[in-house]
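Good morning, and thank you for coming. Please look at the sequence and the structure on the screen before I take you through a few of their features.

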Amino acid sequence: MIVITAPTGSIGRRLLSLLVEAAPVHGEELRVVVRDPARLPEAVRGRVEVVTGSHGDAATVERAFAGADAVFWLVPPDASASPEDGWSGFTRPAARAFAAHGVGRVVGVSALGRGTAQAARAGLVTASLAMDDLIAGSGVAYRALACPSFFENLLEEADSIRADGVFTDTVAADRRAPLVAVADIAATAAGLLLDRTWSGVDSVPVLGPEDLSPEDLARIMTEQLGRPVRYRRQSLDELRSALLGYGLHPAFAEGVVEMKRAKDQGLDAGVGRPPRPEVPATGFAQWCAETLKPAVLAAGTAAITDTTDTALEATDAR
């Protein structure tokens, strides 16, 4: 039995699609935890067991993890809470349930940065790494998918790219760092969840094929979209003011600012790519052609994404 949390988010829905086909071949059943079952694709509703509720709720995870051999764990970032409450606080009931039900293996979505000089002062990433430690302390075998920022974050700027040819971030224009497509995260998670041979605690970096700077992104977007695209660097003070203006919890907003500062200082640069990654990495040019270009060219249609630049996915409401 494999349990999937957040099955309607950007990563979860891709993972569910992969496992619905692959799990039966491996003799695995599937169970999902979701607040609103109507959000599940109609084609898979009859092929999975559904536990309705939030996976941050103790009673829900007690039901969901009974008899589970493996769990895919993803915390939906909560902008109304502090980072510690949002990640470790949300995860504590699950960590207790992992131990109580003897769950064998957990694969969780986390972030790059462990072991770097910036890790202790990286806001939302620091909170995610603390969540990893909490899960590992429950006694399960654990693999933390250590992710950089997602390509999909750029979908939030599709309107700006379409109207003004501009996208925004806070890092230096020439700061190269890894980026990843959410499809690659889902594929990596699927491989680990179907593999019963691993044990212990470790992190698995999930990286794109090359490090890219905002200048590189602008150049590739210009080539793929057939229109000029340029980068505008936003100050951290400007970012903080914007986040507070949106009504985010002050500690969460500061966590985003601290994360952005740490990324500009090299937070994501502490890990090398494996020479032969198990999952072929999606290149940025390919992702632009397949995903960003249709969004930008959809005139008058706002781009909507449920990822955040925490490199930790947002999904349905808790």
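This is a predicted model: local features need pLDDT of at least 70, side-chain atom pairs count only at pLDDT 80 or more; totals for chains, interfaces and linings use all residues.

Setting aside residues up to four places away in sequence, Phe98 touches Phe65, Val71, Trp73, Val103, Val106, Ile135, Ser138 and Val140, where contact means heavy atoms within 4.5 Å.

Residues are numbered from 1 along each chain as its sequence is written, and side-chain values use heavy atoms, leaving out hydrogens and water.

How confident is the predictor? The chain has a mean pLDDT of 91, and 92% of its residues reach 70 or more; pLDDT is the predictor's confidence in each residue, from 0 to 100. Over residues 301-318, however, the pLDDT is below 50, and this stretch has 81 contacts in the model beyond near neighbours in sequence.

Let me return to Phe98, which lies in helix H4. Helices are DSSP runs of H or I with at least four residues, numbered from the N terminus. The axes of H4 (residues 83-100) and H5 (residues 124-136) come within 9 Å and cross at roughly 15 degrees; axes are lines fitted to C-alpha atoms over the stretch in contact, and angles run from 0 to 180 degrees between N-to-C directions. H4 and H5 are therefore roughly parallel, a label for angles under 35 degrees. Phe98 is among the H4 residues that make the contact, as are Trp87 and Ala95, and H5 contributes residues including Met131 and Ile135.

A second pair is H8 (residues 214-225) and H11 (residues 284-297), whose axes come within 9 Å and cross at roughly 65 degrees. Among the residues in contact are Leu217 and Met221 of H8 and Cys288 and Leu292 of H11.

How many disulfides does the structure hold? There are zero, a disulfide being a pair of cysteine sulfur atoms within 2.5 Å. For Cys147, the nearest cysteine sulfur is that of Cys288, 19 Å away. Cys147 is buried at 1% relative accessibility, and Cys288 is buried at 0% relative accessible area.

Terms used: Buried means under 20% relative accessible area, exposed over 50%, partly exposed in between (1.4 Å probe, protein chains only). Helices (H or I, at least four residues) and strands (E, at least two) are DSSP runs, numbered from the N terminus. Angles under 35 degrees count as roughly parallel, over 145 as roughly antiparallel, 65 to 115 as roughly perpendicular and the rest as oblique.
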